[in-house]
Amino acid sequence: MNPVCLDLGCGRRPQPGFFGVDRFPFPEVSVVADLNRQPLPFVDNCADCIYACHSLEHIDDLLPVIGEIWRIGKPRARVVVVAPYGYQGLNLANPYHKQFFNEHSPRFWTTSDETGVAAVEYHHPPHGSSWGLGNSDHSDIRFDLRCRRMEFLYFDEYRSLNPDKLRYLRRKHSDVCDQILYELEVFKTTPGIDAACDVGISYPDWLTARRGPLPMTWNNLLRIVWRTLRTKLHP
Ligand SMILES: C[S@@+](CC[C@H](N)C(=O)[O-])C[C@H]1O[C@@H](n2cnc3c(N)ncnc32)[C@H](O)[C@@H]1O
């Protein structure tokens, strides 16, 4: 059977091979649905893979939507969320962005300490030394999305710095990191329901181009020199 893959808040460019879900009936959208209205029109345990790129920051209340993603996902379903990194000037000013994302966000989507994220990424003494903070306000969250991997996309002028420097700068200053990506897994044991198919996600070209150190082309070099000079001339 073909895997069922959903792209939540797909807009006009759903991921190839995914059913696009959006509140607006663009021709590219397969299912028109408002993420703010739960339950979403999908049965339990139907999705092998769920992708939400620059859509979850728009919703009114995050945890009910995370709960829906977990409900719809098969056991072990892969979930990918891409969002603006919180401390980014345009994100902070955007009146359509109602949710804030940083390295701590997925800690509130599980109560488990099992994660693929290195402790150095979320170490925040003296607060919350363990990963899962889902019941930190004594709520019973009733879902379990476990973060397997986290990735940061940095503005060009920082991209070639080493990981320790990048981590330090993105935490201390705004407009260093502009986007964050989480790869998560639906964790549940549902008797009689098969685990999700292993779906390889292919990321959009624009995202792939933003990963890792900036390629040292003449064009990029000139852009960085120009930006640095401009900042020095008009600090
Ligand atoms: C910034 S666009 C991103 C589109 C696409 N995912 C992409 O990466 O190009 C945000 C999308 O989320 C959709 N969206 C925002 N709030 C929504 C909601 N409550 N329910 C469903 N879709 C929503 C918008 O209609 C829009 O298409």
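Visitor: What covers the buried residues of α1?
Guide: The cover includes β4 (47-53), β5 (73-84), β6 (145-154) and β7 (177-186). Covering here goes by contact, meaning that the C-beta atoms of two residues, placed from the backbone, lie within 7 Å. Helices (H or I, at least four residues) and strands (E, at least two) are DSSP runs numbered from the N terminus.

Visitor: Is this a prediction or what, and how are residues numbered?
Guide: The model is predicted: local features need pLDDT of at least 70, side-chain atom pairs count only at pLDDT 80 or more, and totals for chains, interfaces and linings use all residues. Residues are numbered from 1 along each chain as its sequence is written.

Visitor: Back to α1. Which of its residues are buried?
Guide: In α1, residues 62-72, they are Val-65, Ile-66, Ile-69, Trp-70, Arg-71 and Ile-72. Buried means that 20 or more other C-beta atoms lie within 10 Å of a residue's own; with 12 or fewer the residue is exposed, and in between partly exposed, all with C-beta atoms placed from the backbone.

Visitor: And at what angle does α1 run to β5?
Guide: About 145 degrees, with α1 lying across β4, β5, β6 and β7. The axes are lines fitted to C-alpha atoms, for helices over the stretch in contact, and angles run from 0 to 180 degrees between N-to-C directions.

Visitor: What order do the strands take in the sheet?
Guide: The open sheet has seven strands, ordered β3-β2-β1-β4-β5-β7-β6, with mixed pairing. Strands pair if DSSP finds at least two bridges between them. β3 (31-32) and β6 each have a single partner strand, so one side of each has no neighbour in the sheet.

Visitor: How many residues of β4 are buried?
Guide: Seven of seven, so β4 is largely enclosed by the rest of the structure.

Visitor: Which residues touch the most others in the largest nonpolar core?
Guide: Among its 46 residues, Ala-47, Ile-50, Ile-69, Val-79, Val-81, Leu-145 and Ile-180 do. Such a core is a set of buried Ala, Val, Leu, Ile, Met, Phe, Trp, Tyr and Cys residues joined through C-beta atoms within 7 Å. β1, β4, α1, β5, β6 and β7 each give two or more residues to this core.

Visitor: Take Ile-180. What is it in contact with?
Guide: Apart from neighbours within four places in sequence, Ile-180 contacts Ala-83, Tyr-85, Phe-101, Asn-102, Met-150 and Phe-152.

Visitor: New topic. Which peptide bonds are cis?
Guide: One is from Gln-38 to Pro-39, with omega near 5 degrees; Pro-39 sits in the loop between β3 and β4. Another is from Pro-125 to Pro-126, with omega near 10 degrees; Pro-126 sits in the loop between α3 (119-122) and β6.

Visitor: What about His-138, buried or exposed?
Guide: His-138 is exposed, with 5 other C-beta atoms within 10 Å. Its phi is positive, about 70 degrees, although it is not a glycine.

Visitor: Last one: which residues are closest to the ligand?
Guide: Gly-9, Gly-11, Arg-23, Leu-35 and His-58, out of 15 residues that surround the ligand. A residue counts as near if its C-beta atom, placed from the backbone, lies within 6 Å of the molecule.
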